[in-house]
Amino acid sequence: MWTRKRLRRTLWASYVDKGMYMTPTEQPTITDTDDLCVATIRTLCMDAVQAAASGHPGTPMAMAPVIYTLWQEFLRFDPDDPAWPNRDRFVLSAGHASTLLYATLHLAGVRAVDPTYETLGGPAVTLDDIRRFRQLDGRCPGHPEYRWTSGVEATTGPLGTGAATAVGMAIAGRWLAARFNRPGFDVFDHDVYALCGDGDLMEGVAAEAASLAGHLRLANLCWIYDNNHISIEGGTDLAFTEDVATRFIAYGWNVTRVGDANDRTALGRAFETFRREPHRPTLVIVDSQIAFGAPTKQGTAAAHGEPLGEEEIRATKRFYNWPPDAHFLVPDGVYEHFAAGVGKRGRAERDSWLALLDRYREAYPDLAGQLDLIWRGQLPDGWDANIPVFPADGRGLATRDSSGKVLNAVAARVPWLVGGSADLAPSTKTRLTVDGAGDFQAASPGGRNLHLGVREHASAAVANGLSLSGLRPLWSTFLIFSDFARGALRLSALMELPVIHVFTHDSIGVGEDGPTHQPIEQLASLRAVPGLLVIRPCDAGEVVQAWRVVMGLRQEPAALVLSRQALPTLDRARYADAAGLARGGYVLVDPADGDPEVILIGTGSEVHLALAAHEELTAQGVRARVVSLPSWELFERQPAQYRDQVLPPAVRARVVVEQAATLGWERYAGPDGVIIGMRTFGASAPLRALQTKFGFTPQAVVSAARQSLAAVSAVGDPA
Ligand SMILES: Cc1ncc(C[n+]2csc(CCOP(=O)(O)OP(=O)(O)O)c2C)c(N)n1
Ligand SMILES: [Mg+2]
């Protein structure tokens, strides 16, 4: 149906495509080149949002002088190599203002790198890309996306999260400097900037991260706060009247103010103040007026977060001394001015850094070799040499314990594997105890154990920031609290970052802590995140294999789901090799003779229930197979032939057992299978009592097997 809006948009797009609105000879009457550049950013943003008929034009227009001053005069960023390791980072936490970044990337002439961030190509953002803002497959999606548009340092849009990610980048900057800089060799000394709005500062994740940044005295971190007193529903007096400056001072930040976003001199002074501050992160509070179009008609034309409309754009352009009918116009001299500013400075910075790196290579070949591995996302030779072997043991150990041992064996060989926990490292067993690991603190920025505090959401965001800077981060909490980290956790998948999320206390098996601490729906919801590998190993043998898989990841995050309680270490002479974990699911044991008539499927601690039921069924003369299925994602990647081998379609009698919500298991249980899982919250009681109450006993698995066998024989063989 041709709504008016759609018609307008289509006509607009076709005029723009044909260049009918372009008046190339007409130039703005702006004499100052800096003003001209700022106006170019503004008009590109307006035109892009108008062409897309969606998006937020107001904030980009108001913040244009801020991003311009920062990039043109301060940011150490070489447009020719947006992956240069010691570049300053700029994170647009207010991701809804994405055109601001796209216009800047375009005007600065930033070149594209491939998704592995290794090979350089053409422009990151062309004028055509800006014309096609928010269109399918365009380089300018609605919100900035890492790996999709070069020069975008982090995927942003979920407010608060970009700012928190920047804290991770600043920690990484400190860590890299402490570990790799040597006297006379400041290989790492870059700064991290994030541009935030009211929404960012309202979000809990940003508060968590700011508190951590203040504690860690991250003087290489600068948040710029667009204090425009407005968000979607209206003025901030509706819901946000706190004193932000005082709050940040209380966090231990250095707070400075710029009274007018158009005052480039004051902005410059604020950035200099940041650079001079040796001990604290800096918050630059910039007072601004969100643009609704020509200032004469403030607030009358468009609602917040909507295109301005063509008439309003013309009026606004006139106000800027811009030809009102020109669209996507980059006036003469603008590209050149950017090239002479950020371009020239960035190139000089990178050239001298490359020369420094050459000398560093000679002086410290080992360290330089490590950096090459970091930058290529590779592991050192022999990274797995220390991984222990766990002998069969009927009593066994918790998978959190075996994981802690494997982790430390790996950490001994991968110096840039850094760990952190949201105040639960003693419980999650993620503390790195290898020689010299130490704690990361303001006074010891080379430490490999981050104390992230009880701040799960910021923990995941910080881990993303560490990963974006080349480190191999892990962070940990209880599985139940993965919910608290979800926003940043899913961004690790969206950004394709090899972050390791370690979640222990993985079931009602936590016992006495009760239903508040017993995860139910968390496994299903983690499995629902595209691109997140979820692995729930059943014993120490599978834990070893899980770490092998996880360490080999280069563009995927993983969630390791581990038990609090001890689990037997399987005798792999009797049961299949744990290496089967790499395929996601594998046959652990089959009937002594003949084909299986029923398949028992389990993950983690419940694999042992399935094995006990297998013995019982064997004694009863039932031919059963046990399948360990620790990772759906890895299993789904196997060829159909392999999957059918493990779960033969002809064997329809099946039991799935997992101490979690049953959602999704139908795919493996099939129509005649029985799923033993959790359909309610848990309860506070000793583990044994819970297992009986909720039906996690070998007897329950045996009777479920019989029930499924009966269902199959009642239906009959379809063949
Ligand atoms: C976590 C999250 N919640 C809600 C939104 C939707 N949203 C986008 S912009 C916005 C208002 C942001 O206000 P502010 O940060 O002050 O930015 P301004 O409108 O001033 O540019 C909201 C609620 C979001 N992007 N992320
Ligand atoms: Mg605002």
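A: Start with the surface: the protein exposes about 27,200 Å², and carbon and sulfur atoms supply 52% of that area. Accessible areas come from the Shrake-Rupley method with a 1.4 Å probe, and for residues only the protein chains shown count as cover. This is a predicted model: local features need pLDDT of at least 70, side-chain atom pairs count only at pLDDT 80 or more, and totals for chains, interfaces and linings use all residues. Residues are numbered from 1 along each chain as its sequence is written, and side-chain values use heavy atoms, with hydrogens and water left out.

Q: Why does Y360 count as buried?
A: Buried means under 20% relative accessible area (exposed is over 50%, partly exposed in between; 1.4 Å probe, protein chains only). Y360 has 0% relative accessibility, so Y360 counts as buried. Of the 719 residues of the protein, 61% count as buried.

Q: What is Y360 in contact with, leaving aside its neighbours within four places in sequence?
A: Contact means heavy atoms within 4.5 Å. The partners of Y360 include F180, R182, F185 and V187, as well as P365 and L371.

Q: What does the radius of gyration of the protein agree with?
A: The radius is taken over C-alpha atoms, and the globule rule is 2.2 Å times the number of residues to the power 0.38. With 719 residues, a compact globule would have a radius of gyration near 27 Å; the protein has 29 Å, which agrees. Along its principal axes, the C-alpha trace spans about 90 × 70 × 45 Å.

Definitions and conventions: Chains lettered and ligands numbered in written order.
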